[in-house]
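Here are a few friendly notes to read alongside the model.

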Amino acid sequence: MRAYHDDEWGVPSRDDRHLFEMLVLEGAQAGLSWSTILAKRENYRRALDEFDPVRVAAYGETEVARLLGDPGIVRNRLKVRGAVRNAGAFLEVREANGSFAEYLWGWVDGSPIVNRPRTMDQLPARTELSDRLSKDLRSRGFTFVGSTIVYAFLQSVGVVDDHLVGCPAKQSSRGIRRGG
């Protein structure tokens with residue numbers, strides 16, 4: 001958890017595969033702890049073809065059954081089918097915008113929102129931005145993208161920096177994850 005916080009959480013990502021990975025993992029986390037999902041991350045990578053949205057979108061009933069039998073991931077039927085459905089929606093957004101990153105970062109004009117919370121109780125579970133993005137994602141066919149999940153996703157990929165003031169991982173000292 002500490003390595004994830006220090007090295008990844010909140011680092012701006014423009015890498016479509018990483019964005020798909022985090023969208024899937026945040027959806028899988030619904031109702032569970034993040035530590036549970038983080039502990040299963042490598043299993044998800046293996047099970048979902050390294051989070052390749054093209055391959056995941058092509059999954060049929062055989063692959064869904066394989067995933068539902070995989071003890072290394074959360075074997076919730078709705079979440080598994082949601083990952084497959086979201087892969088297809090992800091590809092449609094990518095096709096329409098050139099990349100999923102272009103679509104996502106367009107919501108914030110390409111620059112991270114850097115909040116300055118001093119205590120954990122100042123962190124919201126959702127915002128007006130996550131409400132609007134959640135609604136748009138749902139209209140595009142995504143599932144497991146309620147506002148709270150979307151806000152956690154925005155934090156995880158650095159669109160929103162909610163590191164506490166004084167945290168060494170605060171945006172000013174961080175890099176940007178690039179990719180295509």
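**Notes on the helix packing**

1. Helices H2 and H7 are roughly antiparallel to each other, because their angle falls in the range over 145 degrees that counts as such. Please keep in mind that this is a predicted model. H2 covers residues 16-29 and H7 covers residues 77-97; their axes come within 10 Å and cross at roughly 150°. The crossing of this pair is right-handed.

2. Which residues of H2 and H7 meet? On the H2 side they are Asp-16, Leu-19, Phe-20, Val-24, Gly-27, Ala-28 and Gln-29. Facing them in H7 are Lys-79, Ala-83, Asn-86, Ala-87, Phe-90 and Arg-94. Sorted by class, this contact of H2 with H7 holds seven nonpolar, three polar and three charged residues.

3. H2 also packs with helix H10, which spans residues 147-156; here the angle is about 140° and the axes lie 9 Å apart. Roughly antiparallel requires an angle over 145 degrees, and H2 and H10 are therefore oblique to each other. Their crossing is right-handed.

4. What makes the contact between H2 and H10? From H2 come Leu-19, Met-22, Leu-23, Glu-26 and Gly-27, while H10 supplies Ile-149, Ala-152, Phe-153 and Ser-156. By class, the contact of H2 with H10 has six nonpolar, two polar and one charged residues.

5. How many of the ten residues of H10 are buried? Nine of them are, and the helix is mostly covered. The buried set consists of Ser-147, Ile-149, Val-150, Tyr-151, Ala-152, Phe-153, Leu-154, Gln-155 and Ser-156. Just after the helix, Gly-158 takes a positive phi of about 80°.

6. Now for helix H6, residues 61-68, where Val-64, Leu-67 and Leu-68 are buried. Looking down the axis of H6, these buried residues fall within an arc of 100°, so they line one face of the helix. What do the buried residues of H6 pack against? Their partners are helix H4 (41-47) and H7.

Note on methods. Residues numbered from 1 in each chain as written. Predicted model: local features only at pLDDT ≥ 70, side-chain atom pairs only at ≥ 80, totals over all residues. Heavy atoms only, no water. Axes fitted to C-alpha atoms, helices over the stretch in contact; angles between N-to-C directions. Helix = DSSP H or I, 4+ residues; strand = E, 2+ residues; numbered from the N terminus. Parallel < 35°, antiparallel > 145°, perpendicular 65-115°, else oblique. Left-handed = near helix turned anticlockwise from the far one by under 90°. Contact = heavy atoms within 4.5 Å. Nonpolar A, V, L, I, M, F, W, Y, C, P; charged D, E, K, R; others polar. Buried < 20%, exposed > 50% of the residue type's maximum accessible area, 1.4 Å probe, protein only. Arc of directions from axis to C-beta.
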